Amino acid sequence: MDFFSFGKIIVYIDKFIKFINSIFFLVLIIGLSFALIISPMDYLQGDTVRIMYVHVPSAWIGLSIFSIIAIGTLLNFVFKIKNLYLFVKSLAPIGLLFTCLAIVTGSLWGKPTWGTWWAWDARLTSMLILMLFYVFFIMSFKIFKDSEKLPQILSAISILGIINIPIIKYSVEWWSTLHQPASIKIMGTSSIHSSMLVPLFLMLLVLLLYCALIFLMKYKTEIIKIKKRNIKRL
Amino acid sequence: MLTKKIKTRLFFLLSVIFITLLFLAFIYFSLKQNILYFKTPSEIFIVDGIKSNSKIRVGGMVKKDSIQQNNKEIKFILTDYKKELIVVYNGAIPNLFSEERGAVVEGKLNDKSYLIADRILAKHDENYMPPEMKKILENAK
Amino acid sequence: MINEFLNMGGYGFYIWTSFLIVTVFCFILYYKTKKTLKKYEKELAQELEKLPIEHRKRIARSSKVISSILASQNKLS
């Protein structure tokens with residue numbers, strides 16, 4: 001428990017923020033130059049394939065952050081760990097941002113390739129539902145701020161939302177959709193040529209670093225809020 | 001290690017999850033048909049209940065050498081390698097639409113093998129590679 | 001050469017818009033987060049200022065969070 005004391009955490013947070021700040025722009029420039037200049041165009045889609053380098057990492061981040069906050073909320077509901085609550089609260093807005101970005105960039109990719117901005121197919125609709133769950137989740141922090149019901153409400157949203165995650169993931173395999181199936185599988189080989197995988201993972205790294213930076217800053221803000229509230233008692 | 005309070009909450013949580021899953025399964029089975037974005041030409045052929053004046057989406061491959069284009073309209077055959085469907089359309093065509101590629105057409109069925117489309121969407125697969133790589137693959141065939 | 005790069009084979013609009021949107025929104029979130037963090041740091045430091053100096057020193061010794069924030073605020077001012 002002592003390891004998780006705010007005093008120890010805040011030292012690491014400051015170190016991490018400094019570290020990310022020092023390497024972020026270097027990684028960003030490398031990532032962008034691979035994504036926009038060095039990587040080849042696709043045999044079929046031409047240069048539009050470059051949208052993939054922001055679309056796919058955003059979608060991955062949106063999905064994984066929701067899984068993390070949902071599991072965190074449920075663990076918090078059962079075990080009542082204060083830290084976990086702050087963790088979830090700091091992470092949620094980042095997930096919402098990237099889910100929205102995945103939808104918007106997907107739309108900008110869909111227009112030149114499919115010929116439409118939007119289609120009500122299973123993948124796109126379930127992604128929109130994920131965005132709504134994020135909105136409910138973040139709204140309930142504000143609406144039920146001082147209510148004792150907050151953990152219950154967050155848990156309910158988490159349960160419903162986490163069921164949606166495998167639906168998003170496998171929607172392209174289970175049902176006929178306009179969206180193409182996944183190119184990168186957890187098991188087995190990917191159907192993206194290696195010269196395109198390099199910018200994809202570089203951009204993923206850039207966005208993950210960004211997420212970590214925002215998360216640490218938000219987490220630090222939450223710690224300071226608590227300290228400020230408790231200042232009288234010190 | 002688990003206190004009684006924690007056990008109660010855990011039990012409560014699991015029962016909520018169970019009920020939610022049941023509920024979702026119920027929704028899924030009642031909406032099953034609507035989840036599919038498009039039908040295949042074979043499915044159209046089998047199903048009798050398609051009303052000819054309601055809109056429908058059909059997806060498949062554009063058959064090789066089947067595109068006939070004049071200045072007014074484009075006509076092609078959509079196939080799933082079992083059954084074929086003739087599609088007539090006038091309007092904007094997406095850039096990726098071409099022979100032996102996937103497409104989804106939206107429109108009204110005239111009869112089971114003839115569809116008047118008012119929208120065409122191109123569907124692409126999950127393979128991404130540089131043009132040179134594609135050539136190498138094609139030569140290897 | 002530059003034009004060709006910006007044009008992206010005719011898809012320039014879609015590609016540049018999507019990269020731009022991602023950059024802009026990421027920056028907005030960064031800016032807002034940073035602003036909130038700075039605001040709370042400052043408020044905490046101000047509240048500590050109000051306390052008598054002996055009390056403040058004792059708090060700074062007992063809490064690493066407080067001492068690190070006081071240190072960063074002192075650097076700024």
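A nonpolar core is a set of buried Ala, Val, Leu, Ile, Met, Phe, Trp, Tyr and Cys residues joined through side-chain atoms within 4.5 Å. I start with that term since the core is my first topic. Please keep in mind that this is a predicted model.

The largest nonpolar core here has 87 residues. Inside this core, the residues with the most contacts are Met52(A), Ile69(A) and Phe98(A). Which elements supply at least two residues each? From chain A they are helix 1 (6-38), helix 2, helix 3 (82-113), helix 4 (122-143), helix 5 (150-174) and helix 6, and from chain C they are helix 2 (12-50) and helix 4 (64-76). The largest share, 19 residues, comes from helix 6 of chain A.

Let us stay with helix 6 of chain A. This helix covers residues 194-229, which is 36 residues. Is helix 6 of chain A mostly covered or mostly uncovered? Mostly covered: 26 of its 36 residues are buried.

How many does a search of the whole structure find? Over all chains, the search finds 11. I will go through three of them.

In one of them, the side chain of Lys220(A) meets that of Asp14(A), at 2.9 Å from N to O. Is Lys220(A) buried or exposed? Its relative accessibility is 7%, and since buried means under 20%, Lys220(A) counts as buried. Asp14(A), with a relative accessible area of 25%, is partly exposed.

Next, two pairs in chain B. The side chains of Lys55(B) and Asp118(B) form a salt bridge, with 3.7 Å from N to O. Lys55(B) sits in strand 1 (residues 55-62) of chain B, and Asp118(B) sits in strand 6 (residues 114-123) of chain B. The two are 63 residues apart, and again the pair links distant parts of the chain. Lys55(B) counts as exposed, because its relative accessibility of 51% is over the 50% cut-off. Asp118(B) is partly exposed, at 42% relative accessible area.

The other pair in chain B is Lys63(B) with Glu84(B), whose closest N and O atoms are 2.9 Å apart. Where do these partners lie? Lys63(B) is in the loop between strand 1 and strand 2 (68-69) of chain B, and Glu84(B) is in strand 4 (residues 84-89) of chain B, 21 residues apart. Both are partly exposed: Lys63(B) has a relative accessible area of 32%, and Glu84(B) has 38%.

There is also a network. Salt bridges that share partners join Asp14(A), Lys220(A), Lys38(C) and Glu41(C).

Ile71(A), Leu75(A), Phe79(A), Ile81(A), Leu2(B), Leu10(B) and Leu14(B) make a nonpolar surface patch of about 570 Å². Two elements give two or more residues to the patch: helix 2 (52-79) of chain A and helix 1 (4-35) of chain B. Which of them gives the most? Helix 2 of chain A does, with 3 residues. Phe79(A), one of the patch residues, lies in helix 2 of chain A. Phe79(A) is partly exposed, with a relative accessible area of 33%.

For contrast, take Gly31(A), in helix 1 of chain A. At 0% relative accessibility, Gly31(A) counts as buried. Gly31(A) is 78 residues from Trp109(A) in sequence, and their C-alpha atoms are 19 Å apart in space.

Last, chain C as a whole. What does its secondary structure come to? It comes to 4 helices and 0 strands, in the order α-α-α-α from the N terminus on. The radius of gyration of chain C is 23 Å, whereas the globule rule gives 11 Å for 77 residues, so chain C is more spread out than a compact globule. Its C-alpha trace spans about 70 × 20 × 20 Å along the principal axes. Of the 77 residues in chain C, 32% are buried. The accessible surface of chain C is about 5,200 Å², and carbon and sulfur atoms account for 63% of that.

That is the end of my part.

Note on methods. Residues numbered from 1 in each chain as written. Chains lettered and ligands numbered in written order. Predicted model: local features only at pLDDT ≥ 70, side-chain atom pairs only at ≥ 80, totals over all residues. Heavy atoms only, no water. Expected span 1.5 Å × (residues − 1). Buried < 20%, exposed > 50% of the residue type's maximum accessible area, 1.4 Å probe, protein only. Patch = residues over 30% accessible without salt bridge, like charges linked within 9 Å, V, L, I, M, F, W, Y side chains within 5 Å. Areas by Shrake-Rupley, 256 points an atom, 1.4 Å probe, with all protein chains shown as cover. Salt bridge = Lys/Arg side-chain N within 4 Å of Asp/Glu carboxyl O. Rg over C-alpha atoms; globule rule 2.2 N^0.38 Å.
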